[in-house]
Amino acid sequence: MSEHTTNTAWRLRPPAHRVSRRAIGYWTVTASILWIILIGVQTLIVVTSDDPPSFLTVTLAISCVLGPLHLIVMPQWRYRVHRWEVTGEAVYTQSGWLKQEWRIAPVSRIQTVDIERDPFEQLFGLAKITVTTASAAGPLRIAGLAHDRALALAEELTKTTQAVRGDAT
């Protein structure tokens with residue numbers, strides 16, 4: 001194999017798998033709650049004050065524009081960015097929307113695999129996997145997985161890490 005072919009074979013690429021499409025709804029609903037609270041508090045103050053500060057009226061107007069824009073753009077963007085892949089050698093994740101992160105963890109460094117589901121993830125049939133490694137950068141997280149896929153992935157990672165020799169340190 002030539003040097004060019006070898007370098008090309010090991011070139012980094014986006015992980016192969018997307019998260020569940022249901023993650024779009026989950027991200028939209030969870031972000032909506034924060035926007036509703038923010039806009040609600042601002043509205044309450046403006047409506048109930050005899051002389052509301054003018055900056056608050058301006059921030060309320062800005063929130064009423066930015067909130068819906070954020071709810072339209074952010075979930076779609078995150079869905080396009082969030083990816084994951086597991087091979088016999090490593091776990092690959094790509095996540096974020098404004099600040100994007102790409103992480104690669106060798107299977108030999110995996111210490112634990114956890115599945116988590118908050119109430120809204122349960123409502124949407126989603127789960128997140130946390131892969132704890134012997135890394136100062138902290139654990140890898142794959143959020144937005146269909147629950148059954150997360151269970152299968154946790155089982156696969158457990159089997160793979162048991163088959164790989166090493167002390168995960």
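Two residues are said to be in contact when heavy atoms of theirs lie within 4.5 Å. In this predicted model, that criterion places Ala-105 against Glu-89, Ala-90, Val-91, Thr-133 and Leu-140, with residues up to four places away in sequence left out of the count. Ala-105 belongs to strand β4, which covers residues 101-106. Is Ala-105 buried or exposed? Because buried means under 20% relative accessible area, Ala-105, with a value of 4%, is buried. Another pairing concerns Tyr-92, which is 13 residues from Ala-105 along the chain, with 6.6 Å separating their C-alpha atoms.

The setting of this strand is a protein with 5 helices and 7 strands. Followed along the sequence, these elements give the pattern α-β-α-α-β-β-β-β-α-β-β-α. Of the 169 residues, 35% are buried. The accessible surface amounts to about 10300 Å², and carbon and sulfur atoms account for 61% of that surface. Among contacts between residues at least 6 apart in sequence, 53% join residues that are at least 24 apart.

The pLDDT averages 88 over the protein, and 89% of the residues score at least 70. Among the elements, helix α4 (residues 119-124) has the highest mean pLDDT, 97, whereas helix α1 (residues 3-9) has the lowest, 42. Over residues 1-10 the pLDDT is below 50, and this stretch has 1 contact in the model beyond near neighbours in sequence.

Helices α2 and α3 may be taken in turn. The buried residues of α2 include Trp-27, Trp-35, Ile-39, Gln-42 and Val-46. What do the buried residues of α2 pack against? Their partners are α3, α4, β6 (126-133) and β7 (140-146).

Helix α3 comprises 28 residues, 54-81, and should therefore span 40 Å at 1.5 Å a residue; its end C-alpha atoms are 39 Å apart, in agreement with that expectation. Helix α3 also bends by about 30° at His-70. Among its buried residues are Leu-56, Leu-60, Gly-67, Leu-71, Met-74 and Pro-75. The buried residues of α3 pack against β1 (17-18), α2 (22-48), β2 (83-86) and β3 (90-95).

An unreviewed UniProt entry places the feature "transmembrane region" at residues 23-47 and 53-73. In the model, residues 23-47 are 100% helix and 0% strand, with end C-alpha atoms 35 Å apart. For residues 53-73 the corresponding values are 95% helix and 0% strand, with the end C-alpha atoms 30 Å apart.

Val-113 lies in strand β5, residues 110-116. Its relative accessible area is 22%, so Val-113 is partly exposed, given that the buried class requires under 20%. Which residues does Val-113 touch, not counting those up to four places away in sequence? On that basis, Val-113 touches Ile-129, Thr-130, Ala-154 and Leu-157. Val-113 and Ile-129 are 16 residues apart in sequence, and their C-alpha atoms are 6.9 Å apart in space.

Definitions and conventions:
Residues are numbered from 1 along each chain as its sequence is written. This is a predicted model: local features need pLDDT of at least 70, side-chain atom pairs count only at pLDDT 80 or more; totals for chains, interfaces and linings use all residues. Side-chain values use heavy atoms; hydrogens and water are left out. Helices (H or I, at least four residues) and strands (E, at least two) are DSSP runs, numbered from the N terminus. The expected span of a helix is 1.5 Å times one less than its number of residues. The bend at a residue is the angle between axes fitted to the seven residues ending there and the seven starting there. Buried means under 20% relative accessible area, exposed over 50%, partly exposed in between (1.4 Å probe, protein chains only). pLDDT is the predictor's confidence in each residue, from 0 to 100. UniProt positions are given in the numbering used here, feature names are shortened, and annotations may be inferred rather than shown by experiment. Accessible areas come from the Shrake-Rupley method with a 1.4 Å probe; for residues, only the protein chains shown count as cover.
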